[in-house]
Amino acid sequence: MTRPLRVGVQLPEVEREVRWPELRSLARLAEAVGFDSVWVGDHYLYRDDGRPERGPWEAWATLAGLAAVTDHVRLGPLVACLGFHPPAVLAKTAVTVDEIAGGRLTLGIGAGWNRAEFDAFGLPFDRRAARFEEAFTVVRGLLAGTRVSFDGAFVQVRDAVLLPTPARSVPLMVGSTGERVLRATLPHVGSWNTWFDAYGNSVEGFRDLNRWVSELAVDLARDPGHVERSACALIAIEGGRGERPADPSAPHVTGSPAEIAAHLTGLAEAGADEAIVVADPITESSIEWLGDVLAVLDA
């Protein structure tokens, strides 16, 4: 039987302190048990949320390392904040990681939301949507293989070009529910992603949000069928340690491998082409357990 949708997994971010050997092992195991993709969050620092101060490893260095130690699983940032880097530099970084990965990168992009990390690292937080629009114009132009000159309010580039010439155009995925960001990106990206809390972590919630994205695509003269849909799903693994605090508005999905598989199938029936599992906890034993979910989907 053909799997009803692609299934990815997000590696640990700030659930606990995780070192490179564990990240490498988790990615290799995810590939071995049959996941289609592996994702890492793009954040610098969390604070001022009532929990201890914490931060993950830098996403692009991590992705480059994962590209070198995996063989066929797709990789990507979930999602890369366009406000963290000059956009031409980000495009250069993305095609370099894609080269190391042998053409396995999906460039997920967003505008960012966590003001604490912007302030801590000296990054402007104001007018994020306007900054995103300018940065996106530069990134998509360079990834399309064109020379780009741009003179905006926030971004200026002069005859930028990516050399060596990339082997392919890296696919773009937007991760946002902001209408302004979606209006800028839906005419151009290959896929749209949403975090689980944006749709209540339920099949019904995803169906409703997905319908709105389709309506917006039509309004932008983009065939909705040309934009793939990706849904993050928060899954509690048996014996979970509660690494991710409970959110009443988006409760964990729980159950046996068959029940979790049924939930993911429900997302597919609601329009998802891909589900990205955010596992609680995210450990090697969790990935092995999720391998049983993939086996049910493949049966």
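Nine parallel-paired strands build an open sheet, and reading across gives the order S3-S2-S1-S11-S10-S9-S8-S5-S4. Strand S3 (74-77) and S4 sit at the edges with a single partner strand each, so one side of each has no neighbour in the sheet. Here strands (E, at least two residues) and helices (H or I, at least four) are DSSP runs, numbered from the N terminus, and two strands pair if DSSP finds at least two bridges between them. This is a predicted model, in which local features need pLDDT of at least 70 and side-chain atom pairs count only at pLDDT 80 or more, while totals for chains, interfaces and linings use all residues. Residues are numbered from 1 along each chain as its sequence is written, and side-chain values use heavy atoms, with hydrogens and water left out.

Ala80 stands opposite Ile109 in S5. Helix H5 lies across S5 and strand S8 (172-175), running at about 165° to S5. Such angles run from 0 to 180 degrees between N-to-C directions, with axes fitted to C-alpha atoms, for helices over the stretch in contact; contact means heavy atoms within 4.5 Å.

Next come the pockets. Rolling a probe the size of a water molecule over the atoms shows where empty space is left. On a 1 Å grid over the protein atoms alone, a pocket is an open set of points with protein on both sides within 12 Å along at least five of seven lines, whereas a cavity is a set where a 1.4 Å probe fits but cannot get out; lining residues have an atom within 4 Å of a point. Points are joined across faces, edges and corners, and a volume is the space filled by probe spheres set on them.

The largest pocket holds about 1,000 Å³ of space. Its lining has 41 residues, with His43, Tyr46, Trp113, Trp195 and Asp197 nearest the centre. By class, 17 are nonpolar, eleven polar and 13 charged. (Nonpolar covers Ala, Val, Leu, Ile, Met, Phe, Trp, Tyr, Cys and Pro; charged covers Asp, Glu, Lys and Arg; the others, Gly among them, are polar.) The second largest pocket has a volume of about 310 Å³. It is lined by 19 residues, and Leu82, Gly83, His85, Pro87 and Val155 are the closest to its centre. H5 gives the largest share of this lining, four residues.

Tyr46 also turns up among the contacts of Val14, along with Arg54, Gly55 and Pro56, once neighbours within four places in sequence are set aside. Val14 counts as buried at 13% relative accessibility; buried means under 20% relative accessible area, exposed over 50%, and partly exposed in between (1.4 Å probe, protein chains only).

Most residues other than glycine have a negative phi, and most peptide bonds are trans. Yet Asp48 has a phi near 65°, and Ala221 has a positive phi of about 65°. Asp48 is exposed, at 72%, and Ala221 is exposed as well, at 75%. Cis peptide bonds join Leu78 to Val79, with omega about -15°, and Asp280 to Pro281, with omega near 0°. The C-alpha atom of Pro281 is 9.0 Å from that of Glu238.
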